Every structure is written in structure tokens, then in C-alpha cells.
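The sequence and structure are shown first.

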Amino acid sequence: MFSRLLHLLALSLFSAHVSTAQQAPRAVAVEEEERPVPRAVPVEPSRPAALASNKPKGPDEDLFDYASLIYERGEYTLASQSLGQYLQNYPSGRHVPLALFRIGECYMNQKQLKVAETYYEEVVNRYPTSEGAPSAAYRLGAMAFNDRDFDRSARFFTFCEAKSTLPQVKLAASFNKARAYQMLGDNKRQLAALNAVVAVTGENPYREPALLSLGTLLLVDDKKAEALPMFLELLQNSKDNTTIAEAAIKAAVLQAEMGKPEESVALFERALKLPETTGVNRGIALVGVVQSLFAKGDYDGVISNYNQNATVLPEGDTRPKMLLMVGNAYRMKKSYARAVEVYLMVEQSQNTDAAFEAGYWKLYCFYLLDDKDLADFANAFIQKSLQTHADHEFLNLARLIRADFHFNKQRYAEATTSFADVQIEKLPVKLQPGTLFNKGWSQAEAQRPQDAVATFTQFLNTYPNHELTSKALARRGLAYRETKDLPKAVDDFQSVIKNHPNSEAVELSYLQLGLIAAEQRDPKATIAAFETLVKKFPNSPAAGQAWFGIGRASYSLQLWDKAIQALEKSVVTDRKTYLDQASLMIIQAQYVQQNTEALQKAIDDYRKVNQNAAIPPTVLTWLGLKLYDQKLYPRCTQYLSLASTPDAPENTDPRVWSYLGMAFLETKDYESCIKATDHYLKTTPESAARARGLVTKGRALLGLNQFEAADAVVQEGLGFAKDGKPQALLLILQGDVLSAMGDKLAAEGQAEAAQVKQGEAAAKFMIPSQFFDDEEVTPEALDKASQALQKAGQSEKAAEFQKLLKQKYPSYQSK
């Protein structure tokens, strides 16, 4: 994988130099090539005719010398005419081959190539052993090359190579013959020709280009071991930067394919630094560097090289493939937004495979960015890819991304639908368990417990020893509970506890076993499960729920103390959830035990936290009455007030108003007493109970010094209470009112009037003291009659009543 992209890129480009299917380099005359080659020209006589002692004489020699002089001066028209005249006059002359060649040269210099070609051919065909034949053949080879007649070109260059006695001409012919074979696709003959050039290690201007071509040819033939030394030799010895750039690229490709990324990158970087490196080769170098760095995991290097060389990106299919690596590098660096930008560039290419892959990774980046529109992006990618890559794993992974996106957003209905589209068996093996588990979880949360049971069962059957097995058992247990299949739910939770005692699911399992036991009305099993939970997991988020469950189950078993302790712990652990429920149960438990002290504490503690706590009126009424009996009047008023409904007094138990009034009377809160008692009197008909209520109200009015109002209440009571204790109490109250009036008169200095009132008061007290026998009322009447008589100035009679009081009620204490 390391050099696959680079190999394909280099192979396609290098093949351009060895295949006729690609655009061939223009075949030009040797002297016109970029690399100078000595002109292949006929060998002139070793010395001028005038200096040669043995030179023949005659008109033919004179004509040829004249024509040669004009030729050498570049007067090609006159020269061709003179040389033609020589051929015409002396067809068998000794200079005919040279004259033919020079006529060809004249026409070539005048751009009349077809005419020149006929003269060169005549030299080669008629005078193959002549001194000018190799040069003529060289010219014909070049012309044939330019006419793309490479077979003919190769033949003439072969002729020149064989006939020439000049080493440089022979090298030029060999090199150009190799080029002709290259264009013919004749790798074997090209290889032989290049080897012949390379073998000459002395003065050889063709050796470097021959080495480069030979190495390229071997590279294309996959003969890497033979090709690499040629490129390395060029890199070591060449002074030509163009050659060095080309050799560096090709050697780097080979080093990459041979698993030498460090050497490869160094050569690619060397090529990138040379201005002579072509744009195409810069693209190859960039791909090589990027691919090598990516293979090493140097993603910063990939990104840096891409940014530095963005203007020389390779063309064709290689560009999107390389950009894909750059995008992947950004992704690996968690620069997801930048990765998306690069993937978008790849998607615009015509390479459908690269665009498809970029589209997937772009979607993956959106997933990691938690883009709010990811579901829409996934749907679009899936729909588009169905046309071209229906069976590709990325399409299935895109469905998984969509499902996971909904799952992570807790949109379980959408997640369930999306997971149904995922072919789990075709996912990478490592993703299959988690996907199947999340599918079951989504179904459970989407209120599809039957589907969840099926999915978790499949998970447990397929991955019995997976790290998620305990959670799958627990989650299936919950699903079974949803379907009311409690026995199977219990089996799953017990399996978690037994077979996975150290798993996180154990905590949930104990909780669920406790809840199921409570649902099945099995308080002992409930207590056992919840107690184990809080023992093993004291800091569990469900600890409050467990303590409450223990308390409720203990309550049902009438284990009051245990219930109260557990309920109190539930409030301490999770006050927000269990304050009201647990506090009311604690209050009820204390009420059942009739423990007034503990009940008061439970109510007070609850109301400290919740001033608006709704406590059962029956409990408050019972407690208030108990406290009244214990003469704890302030506390009594507190709880009876909580039991009352002043805004709707008719909804309050009349006893509450009655005792509340009496308790307020004892605390001297006369106004409150009157209000409470009035509520009581509104619902109480004429009876002993109403008479008692009137007494309470009258005493409150008396406490407020409202004597007339108090007397009016007494008169109302005496109107229907004609005997018994109610009458006695009313008479005592009436006497108290009169006595109070007498005290007021005395205080105002009206002594006589005061005595009259005290006498009237004494008369009221005397009636119950003499005609009613009651351990509470009678002694009070006697005592008050004695006091009134004393104030009325009737001391002797007062003494008689005191004596009678001590005789009949010796333990009575005066109020």
C-alpha cells in the first residue's frame, strides 16, 4: 500500500518515454538535438589537392575542387549545380560518392529534404563502402525518424553504426537507433542499443541520456534491481541538473517501491529543490513525499509539503488520490474542518472512486464534528452512492454513522430505523458487537421491547464472552420486564449477578430484582435485593431508591423501626425524590405506634424542609388531642392549626376547632380562641357539646374584658342547657363575668356597686356548688362562691363555703 499510488503514477509517466502509444519526442537531425552531437559528415581528403604531391590532375579534378570551394563557402545553389555538372561529366569519377552526398547536403540546407533524401539514398545504395555512406545513412535515419518511419530510421542508424569509423558518430547512431526502437516498442533491441552506448565509458556525451533511458526501460519492465544503479550513478556523477532531476525522481520511485522511504523522500525532496525539475516530475515528487510521510504517520509533514507545493499538484487521476491522502492527514490530526475542505476538492474530480472515498471520509469528519445536519448529509451520500458503489463497505459504514448519530443524540426511534438499514454482518469485525448492542439499546429506548429482546438474544448467542455481555443481559432483562415476562427478567438479572459479579450491570440487576419483587408483592425478597445493593454499592445513584424500597417493604411487614431507619436514609441519600414520600411514611409509622414525641419530631423535620408539606389531618388531629390531654397547649395549637382549614372551615373535623379553641384559651390567645370556637359552633347544634363551646368562647371574651359579649354567650347557653354539667359550667362562667365586673367597679372606686356584683356572682356560683356534684366542677364552684362572698363583705358566709370545700375536697387547690 505504501507505494501503490506512486507506482501507478510513475509507471504511467515513465511509459511515455518508451511507448509509441504516447506522444513521441520529435525526431530531429542530430545536430539539432538538445544535447549536441558531432555532425556526421563525409571525411574530407586529408590535405588540399594543391598540396598533395600525388594528386591526379585533369579537368575533372579542377571542376570538383571548384564545386567544393563554393560548397564550403555555403553557396549551396551554385555548389549543387557545379557538383551536378561533375556527376554528369564524370559519372565514373573518383569523387562521385562525395559529390552525391554534398548535393544532398546542399538541398537539405535549402530545406528541400525530399530531394536531399534521394542523393543520400544513392550514396548508401550505390556506394555503401564509401567514406560518406555512414554520414548519408545518419541523415536518412534522422529524416525517417522525423517522418515517424521508425523502422526505416533504425535500419539507417544501424548502417551508420556499422560503417562509420568515427567513435562519436558510431555513438550518435547507436543512441538514435535506440530512440527509434523505443518508438517502435521494440524493448529488446532498444535495450541492446542502449547497452552499447552505456558500455562506452570514455568520452561519451550520450552515456548519461542512455543511462537515463536504459534505467527507465528497465523500470517499466519491473527490473528494479538493474534500473536503480543506473539512476544512482547519474545522481553521483552527472553535472546536468535536468538529468539529475529526472534520475532523482526515478530512483526515488524505486526506493519507495523497495521499502526504503527515508532514501526515497530524500531524493524526492532533492528533485523538488531543482528548478530544472519539470512540472510533471514535481507532481511525482510531491506524491512520493506525501505518500512516504503518510506511511510513516508523519501527518504534519504531509500537510506541510502539500501547502508548500500546492501549485505543482499532479494531473489526472493521481491528483484526487494524492489529495485524498492530504485530507486523511488532516483527519488523523483531528483537523476535521480542514479535512472536509480537501475532501470537497476531491469530490469535484472525475475520479468516481476517489470522490466516493472522499465523500465517505467527509461524512465521517462531519460525524466527529457533531454537525447538526449529519443525518441529511448521510442520506444524500447514501442515495448518491447507491448508483455507483452499492456493495462498497463505505456505504454500509455511512448507514452506521447515520444510526450512531441518532443514537448519540438519544433520538432512539430514528436510530432504530437507521440500524435496521445497516448490514451488521458486513461491517468490520471489530464494529459488529457494538453495533448490534446499540441496535438493541435503541429498540429498547424506542419502546420496542420485543425487538430489543430479539436483538440482545442474538448478541448473547453470537458473543457470549464479550465485554458487553453483562450489559446485554441486563438490558434484555429490562426489555423482558417491559413485556411483563418477569420470570425471564429475573433469570437475566440473576445471571448477571452470578456470572458477571464484577460488572457494572450488577448494580442495575440488584435494583431491578428489588423492583420486580416489590411489583410481585414479595417484601422479603424486595428487602434482600435492595439491602445487597446498598451494601455493595453504597454510593450508587439508585441508593435512595433502594433505601426507600427497603423502608416501604418493611412498613408493609410492620417492621416499624427498620422501616423508619430505611426511609430516613432514603431522604438523606436522595432528598429531592423521596422527601415527601418517605417523610409521610415515617409520620404514618410513628402514628401507628402512637409515639407522640417521635411523631412530633418527624412532622417538624419534614416541615423544616417543606413548609407546604401535606400531612394527613387524622394524624395531626390525633397528635393535637394527645398533646391537649398532656396539657402541652402551645404544641397542641401548632398541630391542630395544621389540621385545620380556615379558608374552608366546614372541611375541618369539628373536634379540631373545639380543642384548638380550648388550647388557644389555655395559652391566652383569646382572639384565635374565638375564631376557632366560632367555626366549631357553626357546625354544632344545641347540645352539651355546643354548651361547652359556648363556655370556651365566653371565657375568651372574658379574657378580653368583653363582659357583655361574654354574658350574652352565657345566656345563649343557659337557654338550652337546663341541667347537668353544661349548665354548671355556664353558671360558673356567668359568676366569673359578674365577679370580673365587680373587680372593675372596685378598681374604679365604686365599692358598694362592686359588692353588689360580687354578691350576684356568689349567687351564680352557689347553684352548681349546692345542686351539682362533680369532682371538677363542684369544688371550683365552692371556692369561687367563697371568694365572691368575701369580696361582697359576707365574710362569715364565705368561711362556711371554705369549710365545706375543705371537708368535701381536701386536696383541691384554689385556681
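## Helices H16 and H18

H16 and H18 cross in a left-handed sense. H16 covers residues 318-332 and H18 covers residues 352-368; their axes come within 10 Å and cross at roughly 15° in this predicted model. Angles under 35 degrees count as roughly parallel, and H16 is therefore roughly parallel to H18.

On the H16 side, the contact is formed by Pro320, Leu324, Asn328 and Arg331. H18 contributes Ala354, Glu357, Ala358, Trp361, Tyr364 and Cys365. Sorted by class, the contact of H16 with H18 has 7 nonpolar, 1 polar and 2 charged residues.

## Helices H4 and H5

The axes of H4 (residues 96-109) and H5 (residues 113-126) come within 7 Å, with a crossing angle of roughly 160°. H4 and H5 are therefore roughly antiparallel to each other. The crossing of H4 past H5 is left-handed.

From H4, the residues in contact are Pro97, Leu100, Phe101, Ile103, Gly104, Glu105, Tyr107 and Met108. From H5, they are Leu113, Val115, Ala116, Tyr119, Tyr120, Glu122, Val123 and Arg126. The contact of H4 with H5 comprises 12 nonpolar, 1 polar and 3 charged residues.

## Confidence

The protein chain has a mean pLDDT of 89, and 93% of its residues reach 70 or more. Over residues 15-52, pLDDT stays under 50. For residues 15-52 the model has 78 contacts beyond four places in sequence. Where pLDDT is low, predicted coordinates should not be read in detail.

Technical notes. Residues are numbered from 1 along each chain as its sequence is written. This is a predicted model: local features need pLDDT of at least 70, side-chain atom pairs count only at pLDDT 80 or more; totals for chains, interfaces and linings use all residues. Side-chain values use heavy atoms; hydrogens and water are left out. Axes are lines fitted to C-alpha atoms, for helices over the stretch in contact, and angles run from 0 to 180 degrees between N-to-C directions. Helices (H or I, at least four residues) and strands (E, at least two) are DSSP runs, numbered from the N terminus. Angles under 35 degrees count as roughly parallel, over 145 as roughly antiparallel, 65 to 115 as roughly perpendicular and the rest as oblique. A crossing is left-handed if the near helix is turned anticlockwise from the far one by less than a right angle, and right-handed if clockwise. Contact means heavy atoms within 4.5 Å. Ala, Val, Leu, Ile, Met, Phe, Trp, Tyr, Cys and Pro count as nonpolar, Asp, Glu, Lys and Arg as charged, and the others, Gly among them, as polar. pLDDT is the predictor's confidence in each residue, from 0 to 100.
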